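The entries follow in the order in which I looked.

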Amino acid sequence: MDHIIVNNGVCIPSIGYGPGGVVQGRFFRCRIHIIERVVNAVYNRLMFRKYVNNCVFALQHGYRLIDYSSAYGFEHLIGKAIKKSKIPREEIIITTRVSNSDQFSGNIRNGFFQSMKKLGVSYIDLYMFHWPVTNCYLETYKEMEKLYQEGYIKILGVANCHQHHLEEILKVCNVPPAINQFEVHPLFTQKPLIKFCQDKHIAVEAYTPLARNDDRLRRNRVLQEIAEKYNKTIQQVILKWHVQNGIIPIVRSSNLKRIIDNISIFDFVLSKEEIQRIDSININSRLRYDPDNCDFTAL
């Protein structure tokens, strides 16, 4: 696997696995409530087990960057998967984030140590805030800096920051962010923001890197032609496009074959012309939330 060296000299993998939250809930409904509770409890335990096993599978098949957030609420399952994988801790880059609720409350430090305890680790490799919460994110970043300077964090990052957010952070910080994670895919290439980040030596991670398998990409003739040429899937071509553009895609799948396929992209190289053709697919179609126009209390 390729790697990227961020602005403080730490080396991280060029692709990451983001397991997201756990699918659970009231799968079964019944008039006899005790039966409903028992059946749903068993179902949720099965979902937890599948979630852990998917993370273990990803680690055992080459992923070394695990992307998570305290907002998802199941950091203990990530910790369990890391132990179960038998992969040495020092080989894994673990990411977690400050939740919006902790930003609103100012509970950054306590939230961090709770995350570390749930993950079962003595340090966090990459720590971010999840969103640049209005009137909170600058103070949040300052608290994150303190934890970094105390040695609990190897890499400081941010997520969902536009250029103006980064400019404000850079005015007040002592340790500039090493990574900004935001939505990037061929329908929404974000070239100006990527250039700003790269000019400021801030690496870029892409979430939703496959645009949620949007039909507009799956049916795109350019991508189909390139995929056929290399005997790869369209998804593999898109992920290779990210990597060759210097972007770290964070992929999410619970399908074991796709987990392997998503990392099997280092045996071919796109030409400069092919990268430009994929760049040209862009229509500035954002699929997720705009940090300048969203309700942070609901995220």
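How many salt bridges does the structure hold? I found 18 salt bridges, where a salt bridge is a side-chain nitrogen of Lys or Arg within 4 Å of a carboxyl oxygen of Asp or Glu.

Before going on I noted that this is a predicted model, in which local features need pLDDT of at least 70 and side-chain atom pairs count only at pLDDT 80 or more, while totals for chains, interfaces and linings use all residues. Residues are numbered from 1 along each chain as its sequence is written, and side-chain values use heavy atoms, with hydrogens and water left out.

**Entry: pairs within a helix.** I looked up aspartate 199 and found its side chain in a salt bridge with lysine 195, at 2.8 Å from N to O. The two are about one helical turn apart because they sit four residues from each other in helix α7 (residues 191-199); helices are DSSP runs of H or I with at least four residues, strands are runs of E with at least two, and both are numbered from the N terminus. I then turned to arginine 221 and glutamate 225, whose closest N and O atoms are 3.6 Å apart in a salt bridge, and which are also four residues apart, in helix α9 (residues 221-230).

**Entry: a pair across the chain.** Lysine 232 and aspartate 267 meet through their side chains in a salt bridge of 2.9 Å, N to O. This pair links distant parts of the chain, 35 residues apart, with lysine 232 in the loop between α9 and α10 and aspartate 267 in the loop between α11 and α12 (272-279). Is lysine 232 buried or exposed? I noted that lysine 232 counts as buried at 17% relative accessibility, whereas aspartate 267 counts as exposed at 56% (buried is under 20% relative accessible area, exposed over 50% and partly exposed in between, with a 1.4 Å probe and protein chains only).

**Entry: the largest pocket.** I looked up the largest pocket and found 34 lining residues, with Tyr207, Thr208, Arg212, Ile250 and Arg252 nearest its centre. On a 1 Å grid over the protein atoms alone, a pocket is an open set of points where a 1.4 Å probe fits, with protein on both sides within 12 Å along at least five of seven lines, and lining residues have an atom within 4 Å of a point. Helix α11 gives the largest share of this lining, four residues.
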